[in-house]
Amino acid sequence: MHAVYNSIRNNFACLLSALLILIAALLAVRLLAARKPFSDLTDASEGIRFLTTAEEANPSLADDFLRAKKKERLASIQRSEEKEKLKDDIINDRVDVYSLFKEYVILGDSRAVGFSHFKFLDHHRVLAAGGDTILKVRDHMDKLKKLNPSYIYLCYGVNDAGLKIGGTPEGYAEKVLSVINEIQEALPEVRIYFSSIIWISETAEKKNPAWGKIYEFNNTCRMMCTQNNITYIDNDEICLYLKEKKLWSGDGIHLSKSFYKLWAKNLYLATLED
Amino acid sequence: MMKTLAFELCRWTAVAVAILFIVRLSDGFSTVSSANPQKVLEAAYTCADTTNLQPASNQIIKRLYGIDPSEYEFCALYYALTNMDVDELLLIKYADSSQEQQIQSAAKARLQGQKNVFENYGVGQMDLLNNHSILMSDSGFAFFIINLKADESAAAFINALREEE
């Protein structure tokens, strides 16, 4: 009886020892594979880690990786050089800027109408009319969805400032952001650009002092765009030229034909920078 | 004989207890909380100052942080009601350390971006950005908040992680 008991006990002891060793081994594997709760944020890039292990395993793998990386870098440099060349060509009129506008829509007021009125751009893609404000965008949503552009340029402001849309410059920026969010929900892949409000002449400003707030409207919209990662197209430089050369039409509000190329260049260059 | 038996019984009981302890201990090495992400979010949100907060769509998360919510098991953002406020609360459940780093970089960039906007312009906003913002990762969750009650919200976040699903 005692011998049977001892035999059973010894077998059980062996079994239990084996089980304990197995559990210990599993725990060791698990601990080694476990993710740390707080990762080391010093940057050991994926590339370096790959090279360290790839070289040990297969030196030719590391070579392939390096070659691919080099090719990527060269392609990036080439794209950057091409971009710089195109920018230069646009600025120096070696290329017709209007021909570069593809898959776009311009939304705006009577000043934006000039792009189609003077036949610079396709009127189907210039959704603009006299008296329109940023709030008009909502009426264009169905057309926007049909056109499904890659780029949308918001070219409003003179009526918005005159009518004090939003009440204050800050309130206007909120309205603009709200509209941009709505567009983005409807067209998630589209890039949206806010074109700063083109200045009006001092003579015109005297007719409606509210237009004196255009600069404030632009500033708050610039801030709003920066906060929300929206591209703000700064037209101040071309507006200085507008002012210097008096490129307004007779009323000091609308724009002469010769100004539109400057505006188009500014719009397109912003897309390129993006 | 009875003494031997009793001794053996005690010995094997001790072994069984040791095994149970090891198995239980292995659960403690888990680095991912099993807490329900929605409940973690609710806990953190409830303890924040929600006066200026509104929920963000995925598009807004993409635009503000440059990250794609669809790449994460859980991703939620509350952001400021107006452009003059800077309150935000971001909670993301990530899968690995590379995602964690991506979120950390995005949150830091967001914080710095807001500081650049309000520097020399908004005293109240800068106070929140400098003194009431918290960025942390714990147990597979990344948490970022800019809020007057950032400390309370962060504490609620940590406590919620410890609760079992």
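**Exercise 1: the sheet of chain B**

Describe the order and pairing of the strands in the open sheet of chain B.

Step 1. In chain B, five strands make up an open sheet whose order is S1-S2-S3-S5-S4, with antiparallel pairing; strands are DSSP runs (E, at least two residues; helices are H or I, at least four), numbered from the N terminus, and two strands pair if DSSP finds at least two bridges between them.

Step 2. Strand S1 (53-55) and strand S4 (133-138) of chain B are the edge strands, each of them pairing on one side only.

Step 3. On average, neighbouring strands of this sheet are turned by 15° against each other, direction ignored, where axes are lines fitted to C-alpha atoms, for helices over the stretch in contact, and angles run from 0 to 180 degrees between N-to-C directions.

Step 4. S1(B) and strand S2 (residues 74-80) of chain B run antiparallel and are joined by three bridges; B:Gln54 has B:Tyr79 in S2(B) as its bridge partner.

The model is predicted: local features need pLDDT of at least 70, side-chain atom pairs count only at pLDDT 80 or more, and totals for chains, interfaces and linings use all residues. Residues are numbered from 1 along each chain as its sequence is written, while chains are lettered from A and ligands numbered from 1 in the order in which they are written.

**Exercise 2: two helices of chain B**

Determine how the axes of helix H2 (residues 37-47) of chain B and H6(B) cross, and which residues meet.

Step 1. The two axes come within 7 Å and cross at roughly 155°; H2(B) is therefore roughly antiparallel to H6(B), a label for angles over 145 degrees, whereas those under 35 count as roughly parallel, 65 to 115 as roughly perpendicular and the rest as oblique.

Step 2. Among the residues of H2(B) that meet H6(B) are B:Val40 and B:Ala43, and the residues on the side of H6(B) include B:Ala156 and B:Phe157, contact being defined by C-beta atoms, placed from the backbone, that lie within 7 Å.

**Exercise 3: the sheet of chain A**

Step 3. Strand S1 (residues 104-108) and strand S3 (residues 151-155) of chain A run parallel, joined by five bridges.
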